[in-house]
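Welcome, and please take a moment to turn the structure around before reading on. The paragraphs below walk through it step by step.

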Amino acid sequence: MRVALFVTCVNDTLFPGTGKAVVTLLRRLGCEVEFPAGQTCCGQMHVNTGYRDEGVRLARQFLEVFSGYDAVVVPSGSCAAMVREQYPKLAAGMGATRAGAFASAHGGHSPFAEAVAEVTPKVYDLSEFLVDVLGTTDVGAYFPHRVTYHPTCHSLRGLRVGDRPTRLLQNVRGLELTPLPGADECCGFGGTFAVKNAAVSAAMCADKVGNIVATGAEVLCAADNSCLMHIGGTLSRLRTGVRVMHLAEILASTEAER
Amino acid sequence: MSGTFLGMPSFPKNAEKALQDSQLRYNLRKATHTIRAKRATVVEELPDWLELRAAGKAIKDETLRHLDRYLLQVEEAVTKAGGHVHWASDADEANEIVTGLVRATGQTEVVKVKSMVTQEIGLNEALAKEGITAYETDLAELIVQLGDDWPSHILVPAIHRNRSEIREIFLEHMAEWGRPAPDDLGDDPRMLADAARLHLRERFLSTKVGISGANFVIAETGTLVVLESEGNGRMCLTLPETLISVVGIEKLLPTWRDLEVFLQLLPRSSTGERMNPYTSMWTGATEGQDFHLVLLDNGRTKVLADEIGRQALRCIRCSACLNVCPVYERVGGHAYGSVYPGPIGAILTPQLRGMESPLDASLPYASSLCGACYDVCPVAIDIPEVLVHLRSKAPHGPAERLGLKAAGWVLDKPVRLERAQRLATRFRGLVPKRRLPGPGAAWTDTRDVPPVPEESFRDWWDRTEGGSR
Amino acid sequence: MSSRDQILSRIRSAVAGAPEVEISRSYQTSGQEAGRVELFAERVRDYRAIVHVVPGDELAATVARALSGRGARRVVVPGGLPEGWLAAVPGLERLRDDPPLSAAELDAADGVITGCAAGIAETGTIVLDAGPGQGRRALTLVPDYHLCVVSADQIVGGVPEAVARLDPVRPQTWISGPSATSDIELNRVEGVHGPRTLEVIITR
């Protein structure tokens, strides 16, 4: 099986530790992963901010780079959701002018649409790849800390990863998973929303942080570093002492390594 | 749409102001969380909810696909049943028609059933100009009218008010509009509801003209359907000698049978009840009443022409999307500057009004795209999809455009991204943690900046051959 | 061009070429047969209405008890209401709607007694369609007390069965509990403009 890592532009630039953790974890599970060097960004920020043309250009690049793999692993719920949920809509929008007018927006017969149909079903969020493709919920990790998990909107309502991440965490030795009240509520990041509507974004995060602190957890875990950058930045500003960690980093931790 | 909100600043500015009102935030939080839980309970009760939702979506799409045909069918059925049908292209024309009809009765007072569309067209204001007083009779609308306030929610227009504020409004203003509130009025909701009953009772029994909207209009039979809770709707629909119903053209349903879907979807999504207390259905002139139906476009055909945006016309005004929206919950309805607030307002208002004003252009951005609205929508309007679509049509500021274009250029080629990353790495010590300049300040007002790593992932991969060295 | 023609032509050009829509009705169209009466009673009670389930031969006595318990002496009786329902009520003043009662007369009545067109178990809903024993819509609206008799065979499982059974041309009022509002802090309060007390007698 040829497995590619789409590390995402945010992780590549700001959180390389997450990408390394994915590589370590997958290798430990007997899975070799390639890093296609031509990758940059899925186009989410551009499309969601209203720069569709730039976003489509990046989407084309993504489809070209990741064509031909059996699986593409993405350690970011929102980037995986962008590819799987929004690329087909972009394709429909570019297809025959009246395609999908009343029914759900799918279809179109452009080369772009064909590439979307070929590549996107093979794109997996990390927890989906581990549970559905590799068929494991125990990755042999060790992490002796009290952890709470924020499911993030696009994993929860876009990809519908369900309880896959928490099943993985529950099988980490030493880890005490404490439920997060109001877990399904948005943290307020929302990409450029965080700066375009900074006050609302901050108010949403303040409530999220209140719930996190109330759990008494040492670590807030999520499968998306964009949300974690936003929540973590607030946790740090408020000197709460709660750390943030990507799911991949916790799952990559072992006793031997400590 | 109504001019009431003209000249309002953009959404972020309105939101910032609203966020400072801690009473408002408390009221909204309490109310939205209450209704959210109620809705979830009664929706879970139905094992076929998703099938009902899919049918609801398809029925509305079918209505829109052949709206011309269904409108003609309604016209024919209502006329045959003794009603009169009028067509209005825009708000002004609808207001003229209604004003003319009221004038013809010789009356100067009308009672109103809660209706979004008559707020959209500013009917009360138009009637007032002609010396006709419109009395709102829904409890929440009464609170808004007495308090000279704006509605802030589709279902519960006074959701931003708590019981003690409502008591104050009743004590201060009821006398200006009719029977005063009792002097010993408390703030118990039951007492407040009793005060409203007494205040409006005589008005219901004596007013000769009623004005309503409708939740649904059945094309094949010409039947109008109004769902309500208090009985004020029944009062306005049944007792007056003349009834005028103003209805947006998208409110149609093709067949009588379609109600079996919508009478399950709407109450559970809206008030979180298995069924609302009262639903009235009538066809044409009923029980000796003079009946007029005003069919209103007011921008709807423009929305219909947008292949992605048109799904907003499926909306049945249940307000479930408002109740789950984290943005609405924190800022309330006024910030949206429209009678349609919340997520549905953020996609409906800019389509109906256009995006010329700073406020309307900012509405598609009034969302973190968290998707909670789409999940609860009983007719599966993909609100995030429409938001993103409208963002691509919205005007963008020059600084933002420059920034996003530059980012697009960098991300366009891996080598450019690599160079940018190395540049950032070299100057990583200079990135302030707590105070970014320019637009970055919006981030660092409340959040620290993560440290820039010594090496990007791609450089690490190249250097170590994927960690194998 | 008239507004009518303008609207119609705008619609036609807006949807020109759009695909046809298929409506799948894979939702449930009939409720459970067993326990229908009990479910109906329970769901009507949930709305804080008063509910009695009695054998048919106890109807008159139950009506009498309900009216006297309420102290209702002047009661609106719609045309076509079976006389037998009121046979056990002593000294009842029957307000007939013939000629039509004024709103003020209805407002002064102690209550109204009606039958119904259908009951819906799943939602606890009573449907009136102005048929015999129900009268025009105002009769069950203005008086503050509504006593409604539902026979077990009128109760259907769910909304689809009720819709199938009803005639759209007749004016209808669907009633689910007494008048209520949730407009104050989204707390439900029973009793606003419609009858503040709804009492339902279900006969088996």
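Two residues are in contact here when they have heavy atoms within 4.5 Å of each other. By that rule, the meeting of chains C and B takes 72 residues from chain C and 92 residues from chain B. Before we go further, a word on the model: it is predicted, local features need pLDDT of at least 70, side-chain atom pairs count only at pLDDT 80 or more, and totals for chains, interfaces and linings use all residues. Residues are numbered from 1 along each chain as its sequence is written, chains are lettered from A and ligands numbered from 1 in the order in which they are written, and side-chain values use heavy atoms, with hydrogens and water left out.

Let us stay with the interface of chains C and B. The size of an interface is often given as the accessible area lost when the parts come together. Between chain C and chain B it comes to about 7100 Å², and carbon and sulfur atoms give 57% of that. On the side of chain C, the residues that lose the most area to chain B are R137(C), L186(C) and H193(C), together 12% of what that side buries.

What kinds of polar links cross this interface? A salt bridge is counted when a side-chain nitrogen of Lys or Arg is within 4 Å of a carboxyl oxygen of Asp or Glu. There are 15 salt bridges between chain C and chain B. One of them joins the side chains of R25(C) and D258(B), with N and O 2.6 Å apart. A polar contact is a pair of N or O atoms within 3.5 Å; within protein, one must be able to donate a hydrogen and the other to accept it, and residues adjacent in sequence count only if both atoms are side-chain atoms. Across the interface, 43 residue pairs are in polar contact, both residues at pLDDT 80 or more.

Which elements of chain C touch chain B? Helices (H or I, at least four residues) and strands (E, at least two) are DSSP runs, numbered from the N terminus. In chain C, α1 (3-15), α2 (36-46), α4, α5 (159-165), β9 (172-175), β10 and β11 each supply at least two residues to the side that touches chain B. The largest share, ten residues, comes from α1(C). By class, that side has 32 nonpolar, 21 polar and 19 charged residues, where Ala, Val, Leu, Ile, Met, Phe, Trp, Tyr, Cys and Pro count as nonpolar, Asp, Glu, Lys and Arg as charged, and the others, Gly among them, as polar.

Two strands pair if DSSP finds at least two bridges between them. Here β9 of chain B (residues 278-283) and β9(C) run antiparallel and pair over four bridges. Within this pairing, look for T279(B), which stands opposite W174(C).

Now for some backbone details. Is L186(C) buried or exposed? Buried means under 20% relative accessible area, exposed over 50%, and partly exposed in between (1.4 Å probe, protein chains only). At 3%, L186(C) is buried. L369(B) lies in the loop between α17 (358-362) and α18 (372-376) of chain B, and is buried at 8% relative accessibility. In chain C, a cis peptide bond joins D98(C) and P99(C), with omega about 0°. P99(C) sits in the loop between β3 (93-96) and α4 (103-108).

Finally, the salt bridges over all chains come to 68. In chain B, E418(B) bridges to R422(B), with the closest N and O atoms 3.2 Å apart. These two are four residues apart in helix α21 (residues 414-426), so about one helical turn separates them. E418(B) is buried at 18%, while R422(B) is partly exposed at 41%. In chain C, R74(C) and E93(C) meet in a salt bridge at 3.3 Å, N to O. This pair links distant parts of the chain, 19 residues apart, with R74(C) in β2 (residues 74-77) and E93(C) in β3. A network of salt bridges links E185(A), D207(A), R29(B), R36(B), E329(B) and R330(B).

Terms used. Buried area = accessible area lost by both parts, 1.4 Å probe.
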